[in-house]
Amino acid sequence: FWALFLLVSFQRLLTTTHGGGTSCPSFHNNNIMTTTTTTTTTTTTPKVIIFCKESEENVMTKVSTSLANNFNVTNVSFRSTSIPASRLLSTVTSSSSNNSIFVVIGSNDSIVNCIENESVSPVLSFSSSEVEEEETEKMALLIAKVCACSSPTVASSVSRYIASKKQSSLIQDAQSHTKSPYYQSQISHVYDAKLQITGDNITFSSSSSSSSKNAPVRISGKVRDRFDLGDKLALVTTDRQSGFDRMLALVPFKGQVLNLTSAYWFEMTEHIIPNHIVSVPHGNVSVVKKCTPFPIEFVVRAYVTGSTSTSIWKNYQNGVRNYCGHDLPEGLQKNQKLWKLLLTPTTKEEEHDRPISPDDIVSEGWMTQEDFDICAKAALDVFAFGQKVALERGLILVDTKYEMGKDEETGTIMMIDEMHTPDSSRYWLAHSYEERISRGMEPENIDKEFLRLWFRDNCDPYHDDVLPEAPKELVEELSRRYVSLYEMITWKDFEFDVEAEGHIGEAIQRSV
């Protein structure tokens, strides 16, 4: 079969790449190669004629449906394998063209011989045992691959189908991996033993010059803590899960995921723009250069989505048609892909951030034009690179925010803070995006919002003095999803450090 497939593919390739009358090889049962003169192949959708028994038509109907839905091959017809010889010859000769594909089910040498001897069109033969419910998509793919040799439209559909299957397999692998007993036991152990990284138990050795009275001072943020090391900073990403402007839970290994995901992307993009990373001495720690940050967040968007007051979709719903300096056309739909990457900056202000145009950034004195141009180009270039890498991993990088600043010693503009993490970025699953959008559904993602929703449904998280404790199973599932996203994004197995907080102080001291 594969020998036939390769020969047919070669025949079609020659036919479609030469103009006018063309000499191309034709395969026969006796394995003798002869020469046949054909006319130029058209690019219309191929015609598929399937010879099968009546009892096999239900399964072949599913093959036909798959051909239409997945590969844009809609001209599919059935003929009976008990067809009389005279009618068979008439069918073969009348349907014979460079754009016809014959498919024969079962042991029907007479039909195969007739097609091979009387037609330049390829014939695929499947045994009856291959005609099973679970094999319909495989059969459709093989037929579509032959059709693709003469139809660029089908070829494009085949490429998308194969890519989608690969993307789906990558996601399924990461999900299965992180649901294994070992992963579950590590997460449960940290939760039960209360070994999450809080930042409260970091100690420095008394034998170190950085300890005691000279120990670095901790400056605590929502999720990350900072330690001033003189000419550098140590950033500690904790397991704190914030929401509604308060701490909701301690999620095992969340901090390690965020820190190591950023470290991965910083290393991957340093050919585009320098970054502040000096070293990563611990899974939760990054030692970084001191920088003066710009008071602007560089948000890059590839899709019309979002629910916050600064998001493109929320603004579009409210009637905004000039968003951060970009004119938005009428008729945009939620979650559709934008016509190009859009840089949509926001200010970093005490009360609330606001979307701002590049012209206003300069005119209001937030940045100089020169600095903004450097940052804008870097943000778009890094995002485009991130999209490419993410798609290879079965993910769509939908939008993200970047922060940049100037090295306090050299004045070099560099990327700081975090990069492409599950908290700073939106990821969708690539394999199901088009199908779900066509059905009016939300894109599929590795959802992390269920914990916030639980609090919203079980208390008033904005006004209650004391919040209820989140259920263990929800917190552990959120932990697994963070770990799963890390493995999907980086293609690295997650390395658990269950005694992590006790090692942080020592790791920081070693880096001084």
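Tyr402 lies in strand S20; strands (E, at least two residues) and helices (H or I, at least four) are DSSP runs, numbered from the N terminus. The model is a predicted one: local features need pLDDT of at least 70, side-chain atom pairs count only at pLDDT 80 or more, and totals for chains, interfaces and linings use all residues. Residues are numbered from 1 along each chain as its sequence is written, and side-chain values use heavy atoms, with hydrogens and water left out.

Tyr402 is buried, with a relative accessible area of 0%. Buried stands for under 20% relative accessible area, exposed for over 50%, and partly exposed for the range in between (1.4 Å probe, protein chains only). Contact here means heavy atoms within 4.5 Å. Asp417 is 15 residues from Tyr402 in sequence, and the C-alpha atoms of the two are 7.8 Å apart.

Strand S20 spans residues 395-407 and runs antiparallel to S22, to which 5 bridges join it. Two strands pair if DSSP finds at least two bridges between them. Within this pairing, Thr400 stands opposite Ser425 of S22.

The protein as a whole has 15 helices and 22 strands. Of its 512 residues, 50% are buried. Among contacts with a separation of 6 or more, 64% come from residues 24 or more positions apart.

An open sheet is formed by 5 strands in the order S7-S8-S9-S13-S12, with antiparallel pairing. Strand S7 (218-220) and strand S12 (277-282) are its edges, each pairing on one side only. On average, neighbouring strands of the sheet are turned by 25° against each other, direction ignored. Axes are lines fitted to C-alpha atoms, for helices over the stretch in contact; angles run from 0 to 180 degrees between N-to-C directions. Inside the sheet, strand S9 (residues 232-237) and strand S13 (residues 285-289) pair in the antiparallel sense over 5 bridges. Ala234 has Val287 of S13 as its bridge partner. Helix H8 (residues 254-268) packs on the sheet and touches S9, S12 and S13. The direction of H8 makes about 145° with that of S12. Helix H15 (residues 501-511) also packs on the sheet, touching strand S8 (224-228), S9, S12 and S13. For H15, too, the direction makes about 145° with that of S12.

Helix H2 (residues 57-71) and helix H5 (residues 136-148) have axes that come within 8 Å and cross at roughly 55°. H2 and H5 are therefore oblique to each other. Under 35 degrees, angles count as roughly parallel; over 145, as roughly antiparallel; 65 to 115, as roughly perpendicular; the rest, as oblique. The crossing of H2 past H5 is right-handed, a term for the near helix being turned clockwise from the far one by less than a right angle, with anticlockwise giving left-handed. On the H2 side, the contact involves Val59, Met60, Lys62, Val63, Ser66, Leu67, Asn70 and Phe71. H5 contributes Thr136, Glu137, Met139, Ala140, Leu141, Ile143 and Ala144. By class, this contact has 10 nonpolar, 3 polar and 2 charged residues. Nonpolar covers Ala, Val, Leu, Ile, Met, Phe, Trp, Tyr, Cys and Pro; charged covers Asp, Glu, Lys and Arg; the others, Gly among them, are polar.

In helix H4 (residues 109-118), the buried residues are Ile111, Val112, Cys114, Ile115 and Glu116. Their cover includes strand S3 (47-52), H3, strand S5 (100-105) and strand S6 (123-126). Thr81 lies in the loop between strand S4 (75-80) and helix H3 (85-95). Thr81 is buried, at a relative accessible area of 16%. Beyond neighbours within four places in sequence, Thr81 is in contact with Phe51, Cys52, Lys53, Ile105, Asn108 and Ile111.

Two further loop residues have positive phi without being glycine. For Cys324, phi is about 55°. Cys324 sits in the loop between strand S16 (322-323) and strand S17 (326-327) and is buried at 6% relative accessibility. For Asn335, phi is near 75°. Asn335 belongs to the loop between S17 and strand S18 (337-343) and is buried at 2% relative accessibility.
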